Amino acid sequence: ASVAVSEARSGPIRFGCFNHLRKLTDLTLHTWSKILAEIPSSRLVLKAAGFEDQTALCLLRRRLLRAGLDPERVDYLPFTSTVTEHLLQYKELDIALDPFPNGGCTTTCEALWMGVPVITLAGNSYVSRMSTSVLYGADMDSWIADDLKTYTIFVNCSH
């Protein structure tokens with residue numbers, strides 16, 4: 001079944017990532033912290049396996065704090081029982097942020113399918129170029145940053 005996220009919403013811009021926790025490196029979190037600092041009312045929406053585990057969630061919150069990210073500005077989405085429900089959660093995002101150096105592939109395809117732009121950082125290995133390949137294939141290569149400064153600029157210019 002095909003679903004789409006088409007309704008516009010008001011409120012603060014919501015950046016998000018539905019990738020595995022293991023992909024959220026300290027550098028990724030630090031970069032996202034800078035982005036949220038430059039857009040004071042913005043939010044970060046995360047969805048990943050492990051949020052039901054209070055120890056994993058506590059460790060993530062500590063890492064967010066170390067990266068300079070206020071955990072109160074982070075929203076955690078639950079896992080859903082169907083693919084349709086999962087895809088509809090993309091309505092909670094305005095812009096998807098791809099983690100690095102291990103970016104997404106399925107999550108990038110899902111976000112694009114649901115009409116959510118994805119900002120990625122081009123890497124130099126297979127796992128760091130998956131989103132880059134998807135975006136090139138979708139003729140959306142203008143959302144690919146060559147360095148961290150450009151990644152941050154893309155995000156700040158897109159809201």
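**Charges, fold and local geometry**

Author: Charges come first. The chain carries 15 positive and 17 negative side chains, and the centres of these two sets are 5 Å apart. Keep in mind that this is a predicted model.

Reader: What makes a side chain count as positive or negative here?

Author: Lys and Arg are the positive ones, Asp and Glu the negative ones. His and the chain ends are not counted. On that basis the chain has 15 positive and 17 negative side chains.

Reader: What is the pattern of the chain along the sequence?

Author: It reads β-α-β-α-β-α-β-α-β-α-β-α. That gives 6 helices and 6 strands.

Reader: Why is the chain called as compact as a globular protein of that length?

Author: Set the value against the rule. The radius of gyration is 15 Å, and the globule rule gives 15 Å for 159 residues, so the chain is as compact as a globular protein of that length. The C-alpha trace spans about 40 × 35 × 30 Å along its principal axes. Of the 159 residues, 45% are buried.

Reader: What share of the contacts joins residues at least 24 apart?

Author: Take contacts between residues at least 6 apart in sequence. Of these, 71% join residues at least 24 apart.

Reader: How do you know that the buried residues of α5 line one face of the helix?

Author: Start with the list: Ser-131, Thr-132, Val-134 and Leu-135 are the buried residues of α5. Seen down the helix axis, they fall within an arc of 165 degrees, so they line one face. Their cover includes α4, β5 (118–121) and β6.

Reader: What follows α5, and what marks its phi?

Author: Asp-139 follows α5, with a positive phi near 60 degrees. Asp-139 is not a glycine. Most residues other than glycine have a negative phi. Asp-139 sits in the loop between α5 (130–137) and β6 (144–145).

Reader: Why is Asp-139 called exposed?

Author: The cut-off for exposed is over 50% relative accessible area. Asp-139 has 66%, so Asp-139 is exposed.

Reader: Which peptide bond is cis, and where does its proline lie?

Author: The bond from Phe-100 to Pro-101 is cis, with omega near 10 degrees. Most peptide bonds are trans. Pro-101 lies in the loop between β4 (95–97) and α4 (106–113).

Conventions
Residues are numbered from 1 along each chain as its sequence is written. This is a predicted model: local features need pLDDT of at least 70, side-chain atom pairs count only at pLDDT 80 or more; totals for chains, interfaces and linings use all residues. Side-chain values use heavy atoms; hydrogens and water are left out. Helices (H or I, at least four residues) and strands (E, at least two) are DSSP runs, numbered from the N terminus. Buried means under 20% relative accessible area, exposed over 50%, partly exposed in between (1.4 Å probe, protein chains only). The radius of gyration is taken over C-alpha atoms; the globule rule is 2.2 Å times the number of residues to the power 0.38. Contact means heavy atoms within 4.5 Å. The place of a charge is taken as NZ of Lys, CZ of Arg, CG of Asp or CD of Glu. The arc is that of the directions from the helix axis to the C-beta atoms.
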